[in-house]
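Here is a brisk report on a protein complex and its ligand. The structure comes first, then the reading of it.

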Amino acid sequence: MIDVIDLYKSFGELEVLRGVSTHVGRSQVVCVIGASGSGKSTFLRCLNLLEIPDRGRITIDGVELMEHRKQINKLRRKMGMVFQQFNLFPNMTARSNVALGPSQALGMSRADASARAEALLSKVGLADKVDEFPNRLSGGQKQRVAIARALAMGPDIMLFDEPTSALDPEMVGEVLQVIKQLAQDGMTMIIVTHEMGFAREVADRVLFMDQGVIAEDAPPERIFRSPEKERTREFLSKVL
Amino acid sequence: MEGVLYELTNSLYINLIREERYLMLIRGLRVTLEVTLYSVLLGVIIGLITAVIRITEPKGLVRLATAYVEVVRGTPVVVQMVIIYYAILGGSNLPKVLIASIAFGINSGAYVSELIRAGIQAVPRGQMEAARSLGLTWTQAMRFVIVPQAIKNILPALVNEAIVLIKETAVVGYIALDDLTRAGNIIRGRTFDAYTPFLLVALVYLYTTTTLSIFAGKLERRLRESD
Ligand SMILES: Nc1ncnc2c1ncn2[C@@H]1O[C@H](COP(=O)(O)OP(=O)(O)O)[C@@H](O)[C@H]1O
Ligand SMILES: [Mg+2]
């Protein structure tokens with residue numbers, strides 16, 4: 001489904017990605033863990049070209065992303081992105097947040113886009129919040145709207161960048177629940193997270209990123225029980 | 001005490017009532033407000049164009065836009081106005097109010113373009129990223145997400161720009177336009193009273209700017225509430 005080959009990215013002098021390669025198959029759930037600053041967000045942002053990699057290849061179903069930069073808007077529709085800070089549009093209701101993509105990028109009619117928004121907001125448990133503005137929603141509710149907004153484009157793959165890191169502890173569960181449901185529905189996902197219990201539960205594979213490379217790539221039971229690399233062990237002993 | 005009171009009423013009478021001089025102040029205020037209004041409108045149009053050029057950076061035009069802002073910000077507005085009046089538009093038959101408005105509009109446009117740029121830059125980066133990650137084009141993201149939020153930042157600043165213009169246009173007397181300040185000056189010349197006319201002029205300016213300033217505050221609060 002998605003292939004990443006030898007990705008490099010620097011910000012000025014700072015080499016953030018130094019040869020990242022991986023493959024994610026359809027309906028796979030891959031969790032990315034690693035210390036802050038190890039390049040997890042940059043990796044994720046390169047996947048939908050919010051950052052342009054310096055070198056390397058990204059292919060989705062055989063289509064090379066960087067060679068199709070002109071069609072980037074089309075390609076991005078196939079990838080949903082959920083941000084740590086939600087990034088909801090404060091000038092729009094939950095419904096409009098979700099409907100904006102379908103109506104503008106997919107050319108859907110207002111009524112259809114609105115109906116899709118309602119259906120998706122119900123799916124994430126916010127049927128009663130469709131006409132609220134973001135400032136009237138809790139963090140957990142905001143993040144669920146953001147997930148519905150990404151789903152509204154009918155993506156083939158969902159990218160999550162620490163979706164629960166900005167939440168109060170009591171709201172983490174409701175967001176993870178929605179993501180788990182997506183996993184059960186067979187959505188392909190790459191999830192950067194610090195929730196190790198969650199990763200263990202939903203991930204098919206866990207990638208440990210360290211200093212701009214994927215240092216270890218293994219199923220969760222292996223990476224959490226008997227990591228191969230010393231660095232992985234060190235990191236896990238700090239967070240578990 | 002009685003003497004002071006008598007002097008005050010007397011000078012008010014001479015400077016305000018006799019020969020219906022208050023009418024001069026009212027007409028002057030009208031000119032000041034007209035020039036301000038037209039200047040703001042023109043300034044917004046020019047500022048918008050300039051801001052768009054500076055943000056989208058089309059080849060060739062960026063330097064022009066930057067040079068315009070530099071020239072306007074680097075020279076006194078009264079000099080700009082006099083040059084525009086005598087060297088550029090003096091030969092035309094345009095009314096002086098319009099010529100002054102063009103001069104102040106051009107001047108204001110440079111500042112407004114900065115307000116617009118700042119207002120857009122104040123919208124968090126994540127907003128553009130979220131919009132683009134949905135597959136929206138840059139233009140769609142600007143139109144539906146960034147600009148509506150930027151307007152909330154910009155509107156109160158525009159009212160403040162109007163307040164600045166009300167005061168700055170006090171120099172239109174240089175091209176013999178009878179605004180509020182010049183009306184005060186004319187009264188001074190007729191009554192040989194050095195400061196009472198200007199005291200009255202100051203009060204009228206203060207009343208006008210304070211009213212607008214209160215409006216700007218209310219506007220800002222309203223816009224912030226709906227965030
Ligand atoms: N736009 C940017 N400009 C400059 N430096 C950046 C930028 N984005 C990220 N970085 C730097 O790249 C490094 C990796 O960042 P990031 O990918 O966000 O790591 P992580 O998500 O693993 O914490 C950090 O040192 C960060 O400061
Ligand atoms: Mg990060």
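## Terms and basis

Buried means under 20% relative accessible area, exposed means over 50%, and partly exposed lies in between, with a 1.4 Å probe and protein chains only. Accessible areas come from the Shrake-Rupley method with a 1.4 Å probe, and for residues only the protein chains shown count as cover.

This is a predicted model, in which local features need pLDDT of at least 70, side-chain atom pairs count only at pLDDT 80 or more, and totals for chains, interfaces and linings use all residues. Residues are numbered from 1 along each chain as its sequence is written, chains are lettered from A and ligands numbered from 1 in the order in which they are written, and side-chain values use heavy atoms, with hydrogens and water left out.

## Confidence

The predictor gives the complex an ipTM of 0.93 and a pTM of 0.86. Per residue, its confidence is the pLDDT, on a scale from 0 to 100. Chain B averages 92, and 99% of the residues score at least 70.

Where is confidence lowest and highest in chain B? The lowest mean, 87, belongs to helix α1 (residues 2–17) of chain B, and the highest, 96, to helix α6 (residues 125–133) of chain B. Helices here are DSSP runs of H or I with at least four residues, strands are runs of E with at least two, and both are numbered from the N terminus. Where pLDDT is low, predicted coordinates should not be read in detail.

## The ligand shell

Which residues surround ligand 1? They are A:F11, A:L14, A:V16, A:A35, A:S36, A:G37, A:S38, A:G39, A:K40, A:S41 and A:T42. A residue counts as near a molecule or strand if one of its heavy atoms lies within 4 Å of it. By class, the shell has four nonpolar, six polar and one charged residues. In this scheme Ala, Val, Leu, Ile, Met, Phe, Trp, Tyr, Cys and Pro are nonpolar, Asp, Glu, Lys and Arg are charged, and the others, Gly among them, are polar. In chain A, β2 (14–24) and α1 (40–47) each supply at least two shell residues. The most come from α1(A), with three.

The distance is 2.7 Å for A:G37, 3.3 Å for A:S38 and 2.9 Å for A:K40. The protein covers 62% of the 560 Å² of accessible area that ligand 1 has on its own.

A:K40 sits in helix α1 of chain A. It counts as buried because its relative accessibility is 4%. A:K40 and A:F208 are 168 residues apart in sequence, yet 9.3 Å apart in space, C-alpha to C-alpha.

A:N97 belongs to helix α3 (residues 94–105) of chain A. Is A:N97 buried or exposed? With a relative accessible area of 0%, A:N97 is buried. Its side chain makes a polar contact with the side chain of A:R149 at 3.4 Å. A polar contact is a pair of N or O atoms within 3.5 Å; within protein, one must be able to donate a hydrogen and the other to accept it, and residues adjacent in sequence count only if both atoms are side-chain atoms.

## Cysteines and helix α8

How many disulfides does the structure hold? Over all chains, zero. A disulfide is a pair of cysteine sulfur atoms within 2.5 Å. For A:C31, the nearest cysteine sulfur is that of A:C46, 20 Å away. A:C31 is buried, at 0% relative accessible area. A:C46 also counts as buried, at 0% relative accessibility.

A:P220 lies in helix α8 of chain A. At 3% relative accessibility, A:P220 counts as buried. A:P220 and A:C31 are 189 residues apart in sequence and 8.9 Å apart in space, C-alpha to C-alpha. A:R225 is in helix α8 (residues 220–225) too. A:R225 counts as exposed, at 69% relative accessibility. The C-alpha atoms of A:R225 and A:R45, 180 residues apart along the chain, are separated by 30 Å.

## Positive phi in chain B

Most residues other than glycine have a negative phi. B:E19 has a positive phi, near 55 degrees. B:E19 is in the loop between α1 and α2 (21–56) of chain B, and counts as exposed at 58% relative accessibility.

B:E57 also has a positive phi, near 50 degrees. B:E57 is in the loop between α2 and α3 (61–74) of chain B. B:E57 is exposed, with a relative accessible area of 54%.

Methods: pLDDT is the predictor's confidence in each residue, from 0 to 100.
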